[in-house]
Amino acid sequence: MKKTQLAFFKVTISCLIVLLAVSACSKKNNDNAPQALKVVVSTFAGNINPGKADGTGTTASFNRPSGMITDAAGNIYVADAGNNLIRKITPAGVVTTFAGSGAQGDTDGIGTAASFNNPQDITLDGNGNLYVAESTGKVVRKITSAGAVTTLAGGGANGVDGAGTAAGFSAPTGIAVDGSGNLFVADVYKIRKITPAGVVTTFAGSGVSGSANGTGTAASFSQVTGIVIGLSGNLYVTDLGNNMIRKITSDGVVSTLAGNGIKGSVDGAGNTATFNAPVSITADNQGNIYVGDSDHLIRAVDTFGQVTTVAGTGFSGLADGEGSKASFSVPYGLSVGVGKVYVADTFNNMIRVLTAQ
């Protein structure tokens, strides 16, 4: 995800506070402890019944929506995993099918003539091209602004580096793009890099389950799922198997940003905080990170490394309202919009939205 594509919204309360982030207001006593803003959760599109109907708001339907990305105009593109479709939602909530026939497959083509195989995540480059990570299809697809779908990389033996379709993925679930057009893919125990020419290499991770920090392939992960590029160009990854958020510099140095490996939903700083199988991640251009947790929570990590719970009860459910009273059923996709954070509420088959109260 390019940082120039991450829209943001500022709220001033004595000092600058970023929407939905844990605030970083400096106090007179130099106490920089962040505080979470209050948010309201509402349903933006979709209804609890799985389907693939186009329409406006709750008249539209999804089937296990997953990764999302928001463009500069406020349109949201959704990897509708259960339908094998790429959907588009306008700022007014009008849902259409952007690409995919609905049939499971690997056919390239224009718009609905193409087919996908379990698309899990999606990102957008500065030229308006979308890129899709297909978990079951084990490929990365490219979609132009005109809807032309091609296979950029993947199809070879699992985990093999190489060019284009000679390279192989194991189960790509997360994807992000930097300012130079390089793609980074969360691929089980590895982070893979794809150049604009389609050359795939292993950027970080040994390929074996573990939790070691280190540089490049000396580091290890345990089932990476979501990935995002933050303000300073660092990668942030949801390490689901380790219940951690990992940080990777542009030089491939891997460290643990938050979480200590213990399952839980404790707020706190760095390794005092706990997660339960974090699955999705996004970032704003103020350095704040948002995490979708399998405990049915939306968590936030600010620039101080402080983790707070933004929304969710901790139990699976479907309720709009004030953050702590709202409920989700596995938020498997997140995307920042202008003044909002959008959530793919996967097992409720909906797109929800968080706004400041």
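# Briefing on an all-strand protein chain

Among contacts in the protein chain between residues at least 6 apart in sequence, 45% join residues at least 24 apart. The model described here is predicted. The protein chain contains 32 strands and 0 helices. Of its 357 residues, 58% count as buried. Its accessible surface comes to about 12700 Å², and 52% of that surface belongs to carbon and sulfur atoms.

**The open sheet from β19 to β20**

- An open sheet is formed by 5 strands, which follow one another in the order β19-β23-β22-β21-β20, with antiparallel pairing.
- Strands β19 (214-215) and β20 stand at the edges of this sheet; each has a single partner strand, so one side of each is left without a neighbour in the sheet.
- Within the sheet, strand β22 (residues 244-248) and strand β23 (residues 253-258) run antiparallel and are joined by 4 bridges.
- Ile245 has Ala258 in β23 as its bridge partner.

- Thr225 has its place in strand β20, which covers residues 224-229.
- Is Thr225 buried or exposed? Thr225 counts as buried because its relative accessibility is 2%, and the cut-off for being buried is under 20%.
- A polar atom of the Thr225 side chain lies 3.0 Å from the backbone oxygen of Val279.
- For the backbone oxygen of Pro278, the distance to a polar atom of the Thr225 side chain is 3.5 Å.

**Strand β32 and its two partners**

- Strand β32 (residues 350-356) has 5 of its 7 residues buried, so the strand is largely enclosed by the rest of the structure.
- One partner is strand β3 (residues 39-46), which pairs with β32 in the antiparallel sense over 7 bridges. In this pairing, the bridge partner of Val40 is Thr355 in β32.
- Another partner is strand β31 (residues 340-345), which is joined to β32 by 5 bridges and runs antiparallel to it. Here Val343 stands opposite Arg352 in β32.
- Strands β31 and β32 form a hairpin, with 4 residues between them. In the turn, Asn349 has a positive phi of about 60°.

**Aromatic pairs**

- How many aromatic pairs does the structure hold? The structure holds 3 aromatic pairs, and two of them are described below.
- The ring centres of Phe44 and Tyr342 are 5.3 Å apart and the ring planes meet at 55°, so this pair is tilted.
- Phe44 belongs to strand β3 and Tyr342 to strand β31, so the pair ties together parts that are 298 residues apart in sequence.
- Phe44 counts as buried at 16% relative accessibility, and Tyr342 is buried with a relative accessible area of 7%.
- The rings of Phe184 and Phe203 have centres 5.1 Å apart and planes at 70°, so this pair is edge-to-face.
- Phe184 lies in strand β16 (residues 183-187), whereas Phe203 lies in strand β18 (residues 199-204), so this pair ties together parts that are 19 residues apart in sequence.
- Phe184 and Phe203 are both buried.

**Arginine residues over aromatic rings**

- Arg299 is found in strand β27, which spans residues 297-301.
- The relative accessible area of Arg299 is 0%, so this residue is buried.
- Which backbone oxygen lies 3.1 Å from a polar atom of the side chain of Arg299? That oxygen belongs to Val266.
- Arg299 also lies over the face of Phe275, at 4.9 Å from the ring centre.
- A further arginine, Arg87, has its charged end over the ring of Phe62, at 5.0 Å from the centre of that ring.

Note on methods. Residues are numbered from 1 along each chain as its sequence is written. This is a predicted model: local features need pLDDT of at least 70, side-chain atom pairs count only at pLDDT 80 or more; totals for chains, interfaces and linings use all residues. Side-chain values use heavy atoms; hydrogens and water are left out. Helices (H or I, at least four residues) and strands (E, at least two) are DSSP runs, numbered from the N terminus. Buried means under 20% relative accessible area, exposed over 50%, partly exposed in between (1.4 Å probe, protein chains only). A polar contact is a pair of N or O atoms within 3.5 Å; within protein, one must be able to donate a hydrogen and the other to accept it, and residues adjacent in sequence count only if both atoms are side-chain atoms. Two strands pair if DSSP finds at least two bridges between them. Contact means heavy atoms within 4.5 Å. Accessible areas come from the Shrake-Rupley method with a 1.4 Å probe; for residues, only the protein chains shown count as cover. Rings of Phe, Tyr and Trp (its six-membered ring) pair if their centres lie within 6.5 Å; planes under 30 degrees apart count as stacked, over 60 as edge-to-face and the rest as tilted. A charge sits over a ring if NZ of Lys or CZ of Arg is within 6 Å of the ring centre and within 35 degrees of the ring normal.
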